[in-house]
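Open the model in your viewer and keep the selection panel at hand. The tour below goes stop by stop: what to select, then what is there.

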Amino acid sequence: MDQQVDCDRLAPEVVKGIRLLPVVHDRLEMGAVARVVLEALQPAAVAVELPAPLKRSVLTAVDRLPKISLVISEEPGEEALVWLCSPGDPFAEALRWARARDLPVFLIDPDLRGGQPAADAVPDPYAIWELGPEDYLELLCESLQRRPSSPMERQRESGMAFRAQQARRQVQGTLLVLVGAAHARPLAQVLPDPTAQALARPRRSHQEVRHVHPRSLTGIFADPPLAHAAHELLRQGSLPEPVPIRDAISRRIPLERHGLRLLPGEEPEQGQRRRMNLARHAARRSVRRLSGQLFPDRRELARVIWSVACESYHEQTEEEIQPWQERIFFEFLRRHCRLQGLLAGGVFEWVVAARGVADDNLAWEVFDAARCYPWQESSAEIPTVEIDGDLLDLGTRKIRFRRRFFRVKRRPVPVRRRPETENTEEWLEGFDSPHICSYQPEDIVVEDYARYLQTRALALLSSEQKRTEPFSTSLLDGIDIRETLRNAPIQKIYVQEFGRLPGGAGSVVVIFDRDLTGRKFPHAMTWLGEHDQESDMAFYSTDPTQQVVGPGIMRATYGGLMMSYPPGRLYDVWQDPEYRRAREKAEVLLMSAIDYSREKLVVHLAASPPHETMRQRAARQGKRILHVPIGSVSPMTLKKIRVVHLLAGPDKRKIAADYIW
């Protein structure tokens, strides 16, 4: 559906030759409105509400787009003044449009000393898709006009009127002036009358343009970086080519082995290609039309983020997101936005909702997709700056800054960031040891869970042999409450006696996925316990060489595992000719569990019971397989034990905690 706008109503001619367009600073929807008005009116020049002394630096930042820049100016005794130049900002859009056509541009905001701009409450600009931009901006200007204005604001508006009048005399044709909605009506009132030049600073002693580090984008953008990326792609006037979602998410690149050294996985150009594919996928799937032009829809972008994050989550963890989780995600998101007075959520709301319906892994995938902005690299032709709250890290020092315009207070995104590296050689240098070992905190969790399964199996088997009888002389193993209540009319107490089991539980087998094709979990391994508190283990998993997460640290996902105690006895079951008759990897684990168990009971946790031939094999050895349905145990606990990290040498255990989360 193409939503048409009335540009004469949006940008009325307040005096002959000057049209005034009110906007909301830093917001993506206002960039869309600005471009529609510019294309419809085709003004002869553009003026924006930015400090006049910063013109040279502002134009440098605009010419760098789509790379994001900060214009920074410092004066002694004052906080640094900062303007963020981004594709979706209405001022950047207007200046970029004019520069592409070699039209004059003017910065008309007087640079007054001291004071802070007013922090006006502004409704979510997403409302333009429901109300229309004309009604939204008209209601916004009307509500902001009712608030009291300070003497400094009146000085600024008078100074802007003076500079706009001067600019109008320098051009032949219409001058389009873009100002914040709070100043639109007061400025329209003073523009027809003669005004004096404000006593403003004519120049600034120090100003510079800095490249923004990609890690800082989520902290300075009011809208998700991926939305700005989609906006940039749609500026071309056509939809990007379709991109398969696999090309937009896959971070798994097979690693080649050369002796003991692993070569890099995702090279910089491969990562850049993946991010660009994600931006194209988002631009194509979340498009809205405004007067024939294409723009991203932030509400639809949430659905794109969800689908991309779920696919990547499945690739990384082999876990499937269920339909009920999707329903809860969007319902949670809708209610969370309503509580905050928003119509469409952003990075913070998406991450909170994802963590609520799944776990931190899905929350990270949502965050990683939402922060995608493919043109922003960690280094550029100009110095790079990082931002932490209201502090700018300039490399040699940190300075406190203030934005020229009101900004929404940023909240830290509640997701633990994964360690990353731009130089894969740093991580690959860790693969200098021929030894592979496990991560001990994970060992403790898995061993504890095996003991829990053994205890549960014994309890289940004991309850199967339970005997109940009326109380006579002994309470046996306690009162059977259920049977006693059932026989309450006859006023008899029933007691219970659990069956006595010969021996205990031995080997434990856990099958997450049978992997009948043999492609999902191609890596098979057997390793021995390092001390008498650990068991021997055999397992099959995803290929750990496809997920290098730290220097000498790899991650994999179990498809199935077998644990046998005591340690030091397990031969490599994947090479043992005794198990070549097994039809699948899950049967190899169960056959070895039967053979190596010193107890009469073998615990089997899986979705389906073992084949009858496995029960017969156990019976021939005087043992029994007790099947526990995997659906009867906690899925959250299964997620915790299903991930395994392999370390290239015991020395990596000292640093593993920094890379394993």
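Begin with the aromatic rings. This model is predicted, and the count of aromatic pairs in it comes to 10.

Select W306 and F330. Their ring centres are 6.3 Å apart and the planes stand at 65 degrees, an edge-to-face pair. W306 sits in helix α13 (residues 298-317) and F330 in helix α14 (residues 323-339), so the pair ties together parts that are 24 residues apart in sequence. Both W306 and F330 are buried.

Next, select F539 and Y558. The ring centres of F539 and Y558 lie 5.2 Å apart with the planes at 80 degrees; an angle over 60 counts as edge-to-face, so this pair is edge-to-face. Show the strands as well. F539 belongs to strand β22 (residues 536-541) and Y558 to strand β24, so parts 19 residues apart in sequence are tied together by the pair. Buried or exposed, F539 and Y558? F539 is buried, and Y558 is too.

How many cavities of 30 Å³ or more does a search of the whole structure find? The search finds 1. The volume of the largest cavity is about 40 Å³.

Select its lining: V446, Y449, A450, L453, V508, V510, L561, M563 and I641. Colour by element. Two or more lining residues come from each of α18 (440-464), β20 (505-511) and β24 (553-564). Helix α18 gives the most, with 4 residues. Then colour by class. The lining of the largest cavity has 9 nonpolar residues, no polar ones and no charged ones.

Last stop: helix α21 (residues 612-620). Select M614, R617 and A618, the buried residues of α21. Look down the axis. These three cover an arc of only 95 degrees, which puts them on the same side of α21.

What do the buried residues of α21 pack against? Show α20 (585-596) and β26 (624-629): the buried residues of α21 pack against both.

Finish by stepping just past α21 to G622. Its phi is positive, about 70 degrees.

Notes: Residues are numbered from 1 along each chain as its sequence is written. This is a predicted model: local features need pLDDT of at least 70, side-chain atom pairs count only at pLDDT 80 or more; totals for chains, interfaces and linings use all residues. Side-chain values use heavy atoms; hydrogens and water are left out. Buried means under 20% relative accessible area, exposed over 50%, partly exposed in between (1.4 Å probe, protein chains only). The arc is that of the directions from the helix axis to the C-beta atoms. Contact means heavy atoms within 4.5 Å. On a 1 Å grid over the protein atoms alone, a cavity is a set of points where a 1.4 Å probe fits but cannot get out, and a pocket is an open set with protein on both sides within 12 Å along at least five of seven lines; lining residues have an atom within 4 Å of a point. Grid points are joined across faces, edges and corners, and a volume is the space filled by probe spheres set on the points. Ala, Val, Leu, Ile, Met, Phe, Trp, Tyr, Cys and Pro count as nonpolar, Asp, Glu, Lys and Arg as charged, and the others, Gly among them, as polar. Rings of Phe, Tyr and Trp (its six-membered ring) pair if their centres lie within 6.5 Å; planes under 30 degrees apart count as stacked, over 60 as edge-to-face and the rest as tilted.
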